[in-house]
Amino acid sequence: MPEQLHLLVTLQDLDALIKETLDKDRRAEMESLGFSLENMGPLRDAREKLTKRIDARYLRIYERLLAKHGRAVVPVEGKTCLGCFQSVPPSFFSQITRDQPVKVCENCGRILYLLID
Amino acid sequence: MTIRLSEFFEEDLFIPALAATEKSAVLRELVEALVRSQRIREGEILFQMLEQRESLGSTGIGRGVAVPHGRSLAMTRLAVVFGRSEAGVEFGALDGKPVHLFFLTVAPPQDRSNLYLPVLGKIVETVKSARNRRRLLSAKDFDEISEILEEADHDA
């Protein structure tokens, strides 16, 4: 996987974790199971470090999509974008090039991540 | 929702004796079982998410048990990796004691089956029993593990 896409997927996982931790109901559910969710500081630090490694143009796209959809990076499963559930065109599956390591869904604009080859 | 925990444990995701002796290495070894069994491709992405989850607070819930968990884009479906350490590993557990039983529980963000939280809950419930913990630690093979889990499912 190209490094920039790898970083974006990692950032999406991290943002989902932060969101879940800030969600009162979800937090209460986890705490009721005995899990500790006390320390948000390191997550914010990790996010800052991670975003510094992402190319500014991709980060801009990511942040815009995150604000719009709540989830900026989505998997492609089969030939379907799991963000909008529309088919992705065959061109998506052509080789990812150095000039274009990050591809977006032509329908919803989300960043696509091919889950399984 | 009735969860049968025995249905979520698989033989190739059972590590009878973890080689790792410290927290980060345990997480890597558990993730490696998913990569080796071709359930995931991008182990590093999952590992990083788990490390970040641990930075929130240890998933070592005490009594020698840890349930590292989280959702990741690296996953295609929910999976449980069960690993054991006879010597125990310092995992920053809530009671400060070493951890012997590890239940890595990971799911995709869009877990359509909605089983992630119920499975986590069922694992926590099952290991509350000292008898179950003792038996899970001493079981000779995966068949015995399955029997213990089936009994726990039946008793619930």
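Biologist: How many residues does the contact take from chain A and from chain B?

Modeller: This is a predicted model, in which local features need pLDDT of at least 70 and side-chain atom pairs count only at pLDDT 80 or more, while totals for chains, interfaces and linings use all residues. Residues are numbered from 1 along each chain as its sequence is written, chains are lettered from A in the order in which they are written, and side-chain values use heavy atoms, with hydrogens and water left out. With contact taken as heavy atoms within 4.5 Å, the count is 35 residues from chain A and 31 residues from chain B.

Biologist: What area is buried between chain A and chain B?

Modeller: Buried area is the accessible area (1.4 Å probe) that two parts lose on being put together, summed over both. Carbon and sulfur atoms give 61% of the total, which is about 2,800 Å².

Biologist: Which side chains meet in a salt bridge at 3.7 Å, N to O?

Modeller: A salt bridge here is a side-chain nitrogen of Lys or Arg within 4 Å of a carboxyl oxygen of Asp or Glu. The rule finds one across the interface of chain A and chain B, and its partners are Glu20(A) and Arg71(B).

Biologist: Is Glu54(B) buried or exposed?

Modeller: Glu54(B) lies in helix H2 (residues 43-56) of chain B, helices being DSSP runs of H or I with at least four residues. Buried means under 20% relative accessible area and exposed over 50%, with partly exposed in between (1.4 Å probe, protein chains only). Because its relative accessible area is 8%, Glu54(B) is buried.

How values were computed. Helix = DSSP H or I, 4+ residues; strand = E, 2+ residues; numbered from the N terminus.
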